[in-house]
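Me: Hey, could you walk me through this one? I'm new to it.

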Amino acid sequence: MRKEFDPDAMDATAVYRLLTSTVVPRPIAWVSTTSADGVDNLAPHSFFTISCASPPVVQFSSVGRKDSLRNIEATGEFTVNFAPEHLFEQINATGTDFPPGVSEFDAVGIAREPGRKVRPPRVAASPVALECRLHSTVLLGDSTVVFGRVVHAAVSEAVLDGDHPEITKLRPLTRMGKNEWGVLGEVLEIRRLPYHEWSGTGATPAG
Ligand SMILES: Cc1cc2nc3c(=O)[nH]c(=O)nc-3n(C[C@H](O)[C@H](O)[C@H](O)COP(=O)(O)O)c2cc1C
């Protein structure tokens, strides 16, 4: 038996809770921006994914109008900093609703590193920075989806195996429902079979 839910008959908070507890785990974009007045902003966003690899475009959603969104609309630039496990408390602290004139970098004590192609600073301790120029926004109900063209990527050599960012070194944090966060579990590997190798079971052929 399943319990059936009709989103149209539910209040918005209940729908939010259902979606954020079932679309899991979500990666966290730790988005840095700089306001038109020069205040550096930093905030986590877990409504985040890749939109396109060619050209490279990522997206996140601002639920409501927040400083990150306003800064991106004003300047056309942002950086997605990777959210690693060891920065758990700092990432959460930057989710506090500081007023626009207060920089989360300073309030939380997070060291900056200059960007290469965009003005917003990178988080120095984060292993990956994806520097983005605003591609477009889409207004969806109470949210705005922000698409950013990745114009530069910087990856710490400490997490690289050759040119490949190694998952056990990256140690991503993820967001789930309620106040739940996830860390990296067991990593499984399997090759996707082309149809000409399909055996009827999906099992990888021996040899
Ligand atoms: C792990 C985590 C994920 C979050 N994801 C989102 C999100 O996807 N969209 C959003 O609008 N707010 C999200 N928030 C809340 C924002 O980070 C929070 O409202 C923040 O104060 C916004 O900062 P800003 O006004 O400086 O942009 C998240 C918070 C946390 C801690």
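Me: What follows α2, and is its phi positive or negative?
Reply: G76 follows α2, and its phi is positive, near 75°. Helices here are DSSP runs of H or I with at least four residues, strands are runs of E with at least two, and both are numbered from the N terminus. This is a predicted model: local features need pLDDT of at least 70, side-chain atom pairs count only at pLDDT 80 or more, and totals for chains, interfaces and linings use all residues. Residues are numbered from 1 along each chain as its sequence is written.

Me: Which residues of α2 are buried?
Reply: In helix α2 (residues 67-75), they are D67, S68, L69, N71 and I72. Buried means that 20 or more other C-beta atoms lie within 10 Å of the residue's own, with C-beta atoms placed from the backbone.

Me: And what covers them?
Reply: The cover includes β2 (29-34), β3 (40-45), β5 (56-63), β6 (77-82), β9 (128-140) and β10 (143-155).

Me: You listed β5 there. How do β4 and β5 pair?
Reply: Strand β4 (residues 48-53) pairs with β5 in the antiparallel sense, over five bridges. Pairing requires at least two bridges found by DSSP between the strands. The two form a hairpin with two residues between them, and C52 has V57 in β5 as its bridge partner.

Me: New topic: what's the order of the open sheet with three strands?
Reply: The order is β1-β13-β14, with antiparallel pairing. β1 (26-27) and β14 (181-182) are the edge strands, each pairing on one side only.

Me: How many bridges join β1 to β13?
Reply: Two, with β13 spanning residues 174-175. P27 has T174 in β13 as its bridge partner.

Terms used. Buried ≥ 20, exposed ≤ 12 C-beta atoms within 10 Å, placed from the backbone. Contact = placed C-beta atoms within 7 Å.
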